[in-house]
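Biologist: I am new to this structure. Please take me through one part of it closely, then show me how other parts connect.

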Amino acid sequence: MQQAAEFFISTLDIPADTFEQVLTLRQEKGGNLLRLLMRQETIDEIDLLRKLGEKLDMDSCISLPPEIQTDFTANVPISFLKKHLMVPVIGDDDAFIAINDPFNFQPLDDLRQILGREDLRPMLCPQAAIISTINHAYDMTQNTAEEVMQDIDEEDPEALFSEIEETGDLLDDTSDSPVIRLVNLMFSQAVRDNASDIHIEPYQNSLKIRQRLDGILYNMLSPPKHVQSALISRIKVMANLNIAEKRLPQDGRIELKVANKEVDIRVSTLPTAFGERVVMRLLDKSSVLISLTDLGMPEDRFLPFSEQIRAANGIVLVTGPTGSGKTTTLYAALTAINNTDINIITVEDPIEYRISGIGQVQVNSKINLTFASGLRSIVRQDPDVILVGEIRDTETAQIAIQSALTGHLVFSTLHTNDAASAVTRLIDMGIEPFLISSSINAILAQRLIRIICTQCKESYIPDPVAIKKLGLSPKEIKEMEGKPVYRGRGCANCHHTGYKGRGGIFELLIMDQSMKHLVLDTSNSNDIKNKAVQNGMITLRQDGASKVLAGITTIEEVYRVTTE
């Protein structure tokens, strides 16, 4: 141990106190000394590997090539490589074994023997790069859906009920059951494609599995009809639902790890004429919360919106259809104002992201914890800012308005087509116009638009008829005529759709004195919208048109998301 201490402290410049802490940790919990050192915040893993390489006369690297041969996956278990943090990297120009621990000799020799390549030299690489390459290699070589479905006829029904390890990686699952392999393949493909939803749709003579990419549904798999019952049973087992109950809708959740990504899956089943329909919403828990500046909101809306979310009291509403990014915007707003000076409490269904320093309450209808009852209790918790996931009924709307009028700042969402329609919707719920005008500070309407793929982007001169689809004024249409705009041809990078990723378009209605007076006089959303435009409000279509001219999206995409 004295030699080890001298090697790490003197030779590799590890601080003596850090080394002592790691030694104590190893005595208490066990583990590999080098790996424990690399986990310390004060130690840079790449720098440590470089120094080790110099002393041991070994090459080191920061990253690994994205494309490597994956033949080894047939003979080497993924668990072996992950346990010993090593992976064979065999490319056209070079071949080596990436390792994280140069003192782990025996597994290295075992791997060379399995591969029949005694010539492969070791190269020191960071743990994250090795794990990522392992996951990519095994994910790309998983059984294809066709191969899996050929085996389904020989399925053993008992295999469907095997336990699923919550902490285990889905790619490590070596189950022989074809249906389990099909479900694993479905999830791993959806995570790899960054899908937001998976739909399992039964029809009279067929079964269709679709996934939602950038807001659009695409066909994913079409298993034979006789797989339907086993497939849905497996998902219900994973979600802890009652597999015997097929007549009532059920809701559950699955927590998975796919390629080291922690994924939370919300499962909803619905009985239909041809069997149970299943929709699963995928949430990547390891993804970083987006900040307010990353929303892509133009400055003329970003600055006033930033002011409104820091007001002392009142209501800030975000409106739009399901899947338009309302919750993401509200989370970004909460993150922007979150500090130790204020008390923020939320009531949500479901809690999509955990935010440090904020009290978050999950709605639970089974025990009568609704938005209204949760909101009523929250007010007694001395909050400065309250987030109500959604205003669904009159009771919730009334309590939210009362909270705003008694000194709280309230954030919430509504399902309406535009900002002006939110006022009409609240009046329709039975809220008095004078309460709306005195409590609401601002209404933000938004949509998510698909962004043109940068790999296959091309310019063209649009047809005047296409420009008119944007619903702009004659002056604005004249300004756009003859100007080049962009579209995507479609390539492998964007699944041949021409789009990759999504961004937002925004319409911000500020409730100034003139708007408040108008709300007292009328509930007509067209009158409210016209007045707001006179006051300088940029509509969703106008914002969309500016993003078309900027080469961010297409005319067809703006028309698709803003058509009422």
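Biologist: Let us look at one pair: are Glu276 and Lys236 buried or exposed?

Modeller: Keep in mind that this is a predicted model. Both residues, Glu276 and Lys236, are buried. They form a salt bridge, with their closest N and O atoms 2.9 Å apart. This pair links distant parts of the chain. Glu276 sits in strand β10, residues 275-284. Lys236 sits in helix α10, 40 residues away.

Now follow helix α10 itself. It spans residues 228-238, and its axis comes within 10 Å of the axis of helix α9, residues 178-192. The two axes cross at roughly 70°, so α9 and α10 are roughly perpendicular to each other. Their crossing is right-handed.

Back to salt bridges. The whole structure holds 26 of them. Another joins the side chains of Arg392 and Asp349, at 3.5 Å from N to O. Arg392 lies in the loop between β14 and α14, and Asp349 in the loop between β12 and β13, so this pair ties together parts 43 residues apart in sequence.

Glu557 and Arg560 meet at 2.7 Å, N to O. They are three residues apart in helix α22, so about one helical turn separates them. Glu557 is buried, because its relative accessible area is 1%, under the 20% cut-off. Arg560 is partly exposed at 37%. Elsewhere, salt bridges with shared partners join Asp47, Arg50, Lys51 and Glu54 into one network.

Helix α22, residues 555-562, also has a helix neighbour. Its axis and that of α21, residues 540-549, come within 9 Å and cross at roughly 165°. That makes α21 roughly antiparallel to α22. α21 passes α22 in a right-handed crossing.

Step back from α21 into the loop between α20 and α21. Met537 is found there. Met537 counts as buried, at 6% relative accessibility.

Leu56, Phe103 and Phe105 make a nonpolar patch of about 270 Å². Phe103 lies in the loop between β3 and α6. Phe103 is partly exposed, with a relative accessible area of 35%.

Methods:
Residues are numbered from 1 along each chain as its sequence is written. This is a predicted model: local features need pLDDT of at least 70, side-chain atom pairs count only at pLDDT 80 or more; totals for chains, interfaces and linings use all residues. Side-chain values use heavy atoms; hydrogens and water are left out. Patches are made of residues with over 30% relative accessible area and no salt bridge: like charges are joined within 9 Å, nonpolar side chains (Val, Leu, Ile, Met, Phe, Trp, Tyr) within 5 Å. Accessible areas come from the Shrake-Rupley method with a 1.4 Å probe; for residues, only the protein chains shown count as cover. A salt bridge is a side-chain nitrogen of Lys or Arg within 4 Å of a carboxyl oxygen of Asp or Glu. Helices (H or I, at least four residues) and strands (E, at least two) are DSSP runs, numbered from the N terminus. Buried means under 20% relative accessible area, exposed over 50%, partly exposed in between (1.4 Å probe, protein chains only). Axes are lines fitted to C-alpha atoms, for helices over the stretch in contact, and angles run from 0 to 180 degrees between N-to-C directions. Angles under 35 degrees count as roughly parallel, over 145 as roughly antiparallel, 65 to 115 as roughly perpendicular and the rest as oblique. A crossing is left-handed if the near helix is turned anticlockwise from the far one by less than a right angle, and right-handed if clockwise.
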